[in-house]
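Please examine the model shown below, beginning with the surroundings of the ligand.

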Amino acid sequence: MIPVGSSYPIRIDLFSDTITRPTKAMRQAMANAEVGDEQKGEDPSTNELVALTRELLGKEEAVFLPSGTMCNQIAYALHCRPGDAILVDETAHSLCHEETGAPALAGAFYRPIKADHGVFSVAQLEAALRPEGRSFARNAVLSIEQPSNLGGGTCWSLEGITSVTNMARSHQIKTHMDGARMLNAVVATGVSARDFCAPFDSVWLDLSKGLGAPIGAVLAGDADFINEAWRLKQRWGGSMRQSGIVAAAGTFALRNNVDRLADDHGNARLLAELLSVHPQISIDPLTVQTNIVLFDLVDSPVTAAVLVDRLIQKSGVRMGAFGPSTIRAVTHLDVDSGDIRIAADAIRALLDEIHSMPTSQRSF
Ligand SMILES: *Cc1c(COP(=O)(O)O)cnc(C)c1O
């Protein structure tokens, strides 16, 4: 991933769905939020968000946290003892972007599972398990990402989830769902959030991704689990005061921005279709299920990092380099289909331009 931050003006930002800014209506909801002391359970707007999410996810209890990262790390710390293994797909956010979290905070380590686009089968899970025994780590928790981020927004089916979580339970392994973009999977598949969440001991969703809120995530589970989660929230400095100001944005997002995720999915598919016709781009539009487009450069004279850099400079379109020849573009509520067409044209024209340059001039 390229470092975030550009000295060039960005016109169309497809780097991530985290870049959305609160709309006027969302800011209005924030301004009007009733607030109190969250640590004492006295912030009505936070309580409202928590109740709404609990209902949506079908869990007994929930807690508002500053970030999805804290949701993952609190859950891992509660499910694991020092020396335990967290079973997770090899491209998972927690493994790739929170690599030091669980080792430092829980004393646990990530054991990667080989997967296809972030989704693994019972056989692939089995292949990652170590036998029971004193010289092996305890398999403490199975963590899945719905939908997979670095897998290209791929959704787990309910059957897939049921099979791997059944297998985990039969080995006394706890189950956790990183649902950063879970509502994208709900909109894409038509399966309810409750159904997706039912097999898991802990689940969370992010309010600051495609839902468009500025800050926050909600972690859910049974009442005992959330009671323990509160201890860590307090210990790690995640307890807040008048958090209703931001919780109100989350409530607004859940009430207004869920159905429209379908537009983001349509725009992602459109981008993939427009890119797929270029001979130096490899992407099958049919694999694009949600709002993430992960595509590869083939026979490109430049690396993905160079290309995304030139793309910003030349056309103000930002995407992310996620490997030597892999680029990620993410759609969200601040881009429309017109922007997608401009972005696709810009990257195709840039590839053509670089391709037609004599090698000696490709001095970047
Ligand atoms: C963004 C993301 C996270 C981390 O969430 P933050 O709110 O940015 O801390 C975790 N998992 C996945 C899959 C993500 O995409």
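In sorting residues by class, Ala, Val, Leu, Ile, Met, Phe, Trp, Tyr, Cys and Pro count as nonpolar, Asp, Glu, Lys and Arg as charged, and the others, Gly among them, as polar. In this predicted model, the shell around the ligand accordingly comprises two nonpolar, six polar and six charged residues. Of these 14 residues, Thr69, Asp178, Arg181, Asp206 and Lys209 come nearest.

Helix H3 (68-79) and strand S7 (202-206) each contribute at least two residues to the shell, and the largest share, three residues, belongs to H3. On its own the ligand has 380 Å² of accessible area, of which the protein covers 87%.

Elsewhere, four strands make up an open antiparallel sheet in the order S9-S10-S13-S12. Strand S9 (281-282) and strand S12 (320-321) are its edges, each pairing on one side only. Strand S10 (residues 292-297) and strand S13 (residues 326-330) are joined by five bridges in the antiparallel sense; Leu294 has Arg328 of S13 as its bridge partner.

Finally, the structure contains zero disulfides. For Cys71, the nearest cysteine sulfur is that of Cys197, 12 Å away, whereas a disulfide requires sulfur atoms within 2.5 Å. Cys71 is buried, its relative accessible area being 0%. Cys80 is likewise in no disulfide, the nearest cysteine sulfur being that of Cys71 at 16 Å; Cys80 also counts as buried, at 8% relative accessibility.

Note on methods:
Residues are numbered from 1 along each chain as its sequence is written. This is a predicted model: local features need pLDDT of at least 70, side-chain atom pairs count only at pLDDT 80 or more; totals for chains, interfaces and linings use all residues. Side-chain values use heavy atoms; hydrogens and water are left out. Buried means under 20% relative accessible area, exposed over 50%, partly exposed in between (1.4 Å probe, protein chains only). Two strands pair if DSSP finds at least two bridges between them. A residue is near a molecule or strand if one of its heavy atoms lies within 4 Å of it. Accessible areas come from the Shrake-Rupley method with a 1.4 Å probe; for residues, only the protein chains shown count as cover.
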